[in-house]
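Biologist: I am new to this structure and would like to know what stands behind the terms used for it. Please show it first.

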Amino acid sequence: MLKVQGLKKIFQAGDLKVAAVNGVSFTVPEGQFASIVGRSGSGKSTLLSLLGALDKPTEGSIEIDGNDISRMRDHELIKYRCQKIGFVFQGYNLVPNLTALENVLLPMEFAKVPKKQRLERAKQLLDQVGLSDDKQQRKPGRLSGGEQQRVAIARALANKPKLILADEPTGNLDSQTGKMIFDLLHGLAKSENTTIVTVTHDLEIAGKTDKTFRLKDGEFKDK
Amino acid sequence: MNVVTRGVRNAFRNQIRTFSIIVILGLSIGLSLAMLVAHQAVGQKITDIKGSVGNTVSISPAGVRGFEGGGNPLTDAQLAKVKTLAHVTSVSESLEDRLTTSNSNLQSAINAGSLGQRFAQNSGVSFGGGGQGGGTTQTFTPPVTLVGTTTPTDLSATGPGGGTFRLKSGAIFSSTSTDNVALLGSSLASKNNLKVGSTFTAYGTSIKVVGIFDAGNTFSNDQVIMPLATVQMLSGQAGDITSATVNVDSITNVDSITSAAEKVLGSAADVTNAAATAQQTVAPLQNIQTISLYSLIGAVIAGAVIILLTMIMIVRERRREIGVLKAIGASNAKVMFQFMTEAVTLTVLGAVIGIALGVAAGNPITKLLVNNSSSTTTAPGSFGGGVVRAAGAARRSFGGGFRNSLSSIHASVGWSIILYGFAAAIIIAVVGSAIASFFIAKVRPAEVMRAE
């Protein structure tokens, strides 16, 4: 379960203070799919960074599976991020000189999963996202946008995380591919019992999730 | 795939850039090695020269040089005190005399010429058959120089002619010999139709020719070399010495031995050394050593700067990728290690090219430096032409020997140099990627989100 209370992130530039996230509180039960919608600059990506332990909040707490990550030290966060959180980015962010298979293996290598086990898991995940054996050996530059996002989803699921954070996962895809990717993400999350929080502009996609939060000027307007 | 494999593979992501970096690094490392080779070769040469040239002290009777000046000869007893001084390895003693028609049947092979006539006129002495009756005559014949010595093959210690002793025939008498034997210069032997086994007369005694030598110069080839004790006895100068050369164990002790000898011999002798001349000999080599050291440091720094800038450029280029790696669980140390492996891969490849260049260019560059240095520092007459006349016998070996000592430098590349090359490459890689690693540590994974 994801539980957020009184979360604030204030950026300071000289005398100017900007609250990118301003006192946000919400809960997403385990295995549910939640979406956060809002205009550009509303604080969606900052909120996602805080949820993903990529940045530290100015105030408030974030509990994932009963652990408050806002109080963790840097080295604990690295380990936690590696084992408990998966990321799917709008621009895929695959490592360009590694093959699709090697990209999926990467987080498992950081989590020190035994070699044989991680190879089996990576192949299984790539099969699940529908990437053929031939394409599994290709580098990202030789895959389509949709295929790259499938690899990114497989990579996010590699260490069986408790929480997947997706930042506009369909933003760079055409509507049909976007829908396919959304369904894939949704289906895999259900089968792996993983909580998903996605940021999206697409209200149609947001309407299909279990919960939707609307963010404006760093605050939730309604739920 | 582990972090090392990823680092090595990353080094080849941009092949044109990789090739360029490796070539530039190779040149830098090659130059470093060539300079190291030159530095070591020249350093060894300086040590050799210091161990062999200039570590002598010359002793002459006060006011006497050869047959010029005046004063009293030194004695065996006086020089025995010098032999006991610490750091003295040996002492060569000699007694010079002249053989003329009045005390020998030998005829000089040297034509007096106008110089000989003038010298004889200026000294107010005449020698030879045509000029009896005092004063100089047009038939003046130069005398034959006789040297009694304890070191018959050391021409720098056996008279003013110097040169390199080369035995053409016969044998060399021992340093302690008291026999009536002689070594003859090749010109003198030829002029007097003498061969090994022939005899000539000196001081009314029959002297047997035991060897003929070639000194490489006309003056020394007109010389007779005999055992010191024999000359002292036959010439009636028992115990007399007209010059001595003291060999010292190291050039660093030459000055102290000079002072000690002056103290022991007092005003009876002129004591000089050639340390200053030897220092002049090695000065150009020391310049080369300094130049090669600075070039070595410069080339290593250049290599480090090349890899530093390259790694900073690579880190800036891959900022997003670093953020992603950190976001999916890579620690700072792991990412830094990956980039360090990449830097080491580039520098090791550069080192392979550099070592090949260093091996090929080490000797030619050393010779080039030495030749340039010797051509600009050995103006005619700088050595041996009179600057160190007082240094006696030692000076004679410098004039011709200096150029030889430089040109005989041979630089070689051993395993130690190759190991130094690889060690330098690793140091360059680590130093060069250190600042880049600092930038890596500063990259925050949250930047990946903000850049979306």
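Modeller: Helix α3 (residues 100-110) of chain A packs against α6(A) at an angle of about 25°, with the axes 8 Å apart. This is a predicted model, in which local features need pLDDT of at least 70 and side-chain atom pairs count only at pLDDT 80 or more, while totals for chains, interfaces and linings use all residues. Residues are numbered from 1 along each chain as its sequence is written, and chains are lettered from A and ligands numbered from 1 in the order in which they are written.

Biologist: What makes α3(A) roughly parallel to α6(A)?

Modeller: The angle is about 25°, and angles under 35 degrees count as roughly parallel, over 145 as roughly antiparallel, 65 to 115 as roughly perpendicular and the rest as oblique. α3(A) is therefore roughly parallel to α6(A). Angles run from 0 to 180 degrees between N-to-C directions, and axes are lines fitted to C-alpha atoms, for helices over the stretch in contact.

Biologist: Which residues of α3(A) and α6(A) meet?

Modeller: A100(A), N103(A), V104(A), L106(A) and P107(A) of α3(A) meet V151(A), A154(A) and R155(A) of α6(A). Contact is counted if the C-beta atoms, placed from the backbone, lie within 7 Å. These residues divide into six nonpolar, one polar and one charged. Ala, Val, Leu, Ile, Met, Phe, Trp, Tyr, Cys and Pro count as nonpolar, Asp, Glu, Lys and Arg as charged, and the others, Gly among them, as polar.

Biologist: Why are α6(A) and α7(A) called roughly parallel?

Modeller: The axes of α6(A) and helix α7 (residues 175-192) of chain A cross at roughly 15° and come within 10 Å. The two helices are therefore roughly parallel to each other. Their contact includes I153(A) and L157(A) from α6(A) and L184(A) and L188(A) from α7(A). Its residues are seven nonpolar, three polar and two charged.

Biologist: Where does α6(A) lie in relation to the strands?

Modeller: Helix α6 (residues 145-157) of chain A lies across β6 and β7 (163-167) of chain A, at about 170° to β6(A). The open sheet has six strands in the order β6-β7-β8-β3-β9-β10 (chain A), with mixed pairing.

Biologist: Why do β6 and β10 of chain A stand at the edges?

Modeller: β6 (85-88) and β10 (219-220) of chain A each have a single partner strand, so one side of each lacks a neighbour in the sheet. Strands pair if DSSP finds at least two bridges between them. β9 (residues 211-216) of chain A and β10(A) have two bridges, in the antiparallel sense, and therefore meet that cut-off.

Notes
Helix = DSSP H or I, 4+ residues; strand = E, 2+ residues; numbered from the N terminus. Contact = placed C-beta atoms within 7 Å.
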